[in-house]
Amino acid sequence: MWKRIAVVLVLVLALVGGGGVLYFSTPYEGSEASIQSVQDDPRVDVETTDGVSVLSPADGDSEVGVVFYPGARVAPNAYYRSLAPLVTEANATVYIAEMPLNVALLDADAADDIRTDEDQIETWVVGGHSLGGVAACSYAAEEDVDGLLMVASYCNDDISDRDIAVLSVTGSADTVLDWEDYRASKADLPAATTSEQLPDVNHTQFGSYHGQRGDSASPLTYEEAHDRFAAVVVPWIEARTVEGQS
């Protein structure tokens, strides 16, 4: 708890003192085509309530909920296309939380309100992209969840002794992720953590946005990158469903 508070205080001071408020308040949005492709999919219901984008199966209820924290300065709609397969293939409901100033560490407990309002969900996974993954790990370190999905991210908290399923997904073309911190933080994850590196996927291709400074070009289209992402995340989410029913 105190470590999280210290990190947030440093972040707030940096934002205010460095004039970063305006910068972070203008996020990277998902491409119009990626958003429209999910909104037009008859298998997916898309709603936004109280700043939370909800992607849910159109043909019935699901028992697995995935609360996803966006990366810093990234809008929730940037993840519609990459996370939609969790709905269409794994029958999960995905909640993408809008964050204060688009910085997940400023509201790492955002999953609390979502979980309280959704009593039909039996299995909960919290996850996030980049800085959003750091916030998700912080939440998982203190709250009871069934799974943690780390996307191009790492933990600042030691959860090595927690009984929690963890999937860590990175891309080989990612030049935004701090790889030194990523490797050092592996010791803070449970021994049974599953780690997957996706060939040729860069940092922004875990979403559907463009223009992030420092990222490398990828030979893949965004759709191809999303397919590679789904190929490892969907089976992992399905396994959480089985565990929740056992």
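Asp-41 is buried in this predicted model, because its relative accessibility of 15% lies below the 20% cut-off. The side chain of Asp-41 has a charged partner: a salt bridge joins Asp-41 to Arg-43, with 2.9 Å from N to O. In a search of the whole structure, two salt bridges turn up.

The other pair brings together Asp-227 and Arg-81, whose closest N and O atoms lie 3.9 Å apart. Here the link spans distant parts of the chain, as 146 residues separate Asp-227 in helix α8 (residues 222-245) from Arg-81 in helix α4 (residues 80-88). Is Asp-227 buried or partly exposed? With a relative accessible area of 48%, Asp-227 is partly exposed, because this value falls between the limits of 20% and 50%.

Helix α4 also has a helical neighbour. Two packed helices are described by the angle between their axes and the distance between the axes. For α3 (residues 32-39) and α4, the angle is about 20° and the axes are 9 Å apart. The two helices are therefore roughly parallel to each other, since angles under 35 degrees count as such. The crossing of α3 and α4 is left-handed. On the α3 side, the contact is made by Ser-34, Ile-35, Ser-37 and Val-38, and on the α4 side by Tyr-80, Arg-81 and Ala-84.

Leu-189 counts as buried, because its relative accessibility is 12%, under the 20% limit. Which residues does Leu-189 touch, leaving aside those up to four places away in sequence? The contacts are with Cys-155, Ile-159, Ser-160 and Val-166. Leu-189 and Asp-161 are 28 residues apart in sequence, and their C-alpha atoms are 7.9 Å apart in space.

Turning to the chain as a whole, the secondary structure consists of eight helices and eight strands. Of the 246 residues in the protein chain, 53% are buried. Among contacts between residues at least 6 apart in sequence, 67% join residues at least 24 apart.

How values were computed
Residues are numbered from 1 along each chain as its sequence is written. This is a predicted model: local features need pLDDT of at least 70, side-chain atom pairs count only at pLDDT 80 or more; totals for chains, interfaces and linings use all residues. Side-chain values use heavy atoms; hydrogens and water are left out. A salt bridge is a side-chain nitrogen of Lys or Arg within 4 Å of a carboxyl oxygen of Asp or Glu. Buried means under 20% relative accessible area, exposed over 50%, partly exposed in between (1.4 Å probe, protein chains only). Helices (H or I, at least four residues) and strands (E, at least two) are DSSP runs, numbered from the N terminus. Axes are lines fitted to C-alpha atoms, for helices over the stretch in contact, and angles run from 0 to 180 degrees between N-to-C directions. Angles under 35 degrees count as roughly parallel, over 145 as roughly antiparallel, 65 to 115 as roughly perpendicular and the rest as oblique. A crossing is left-handed if the near helix is turned anticlockwise from the far one by less than a right angle, and right-handed if clockwise. Contact means heavy atoms within 4.5 Å.
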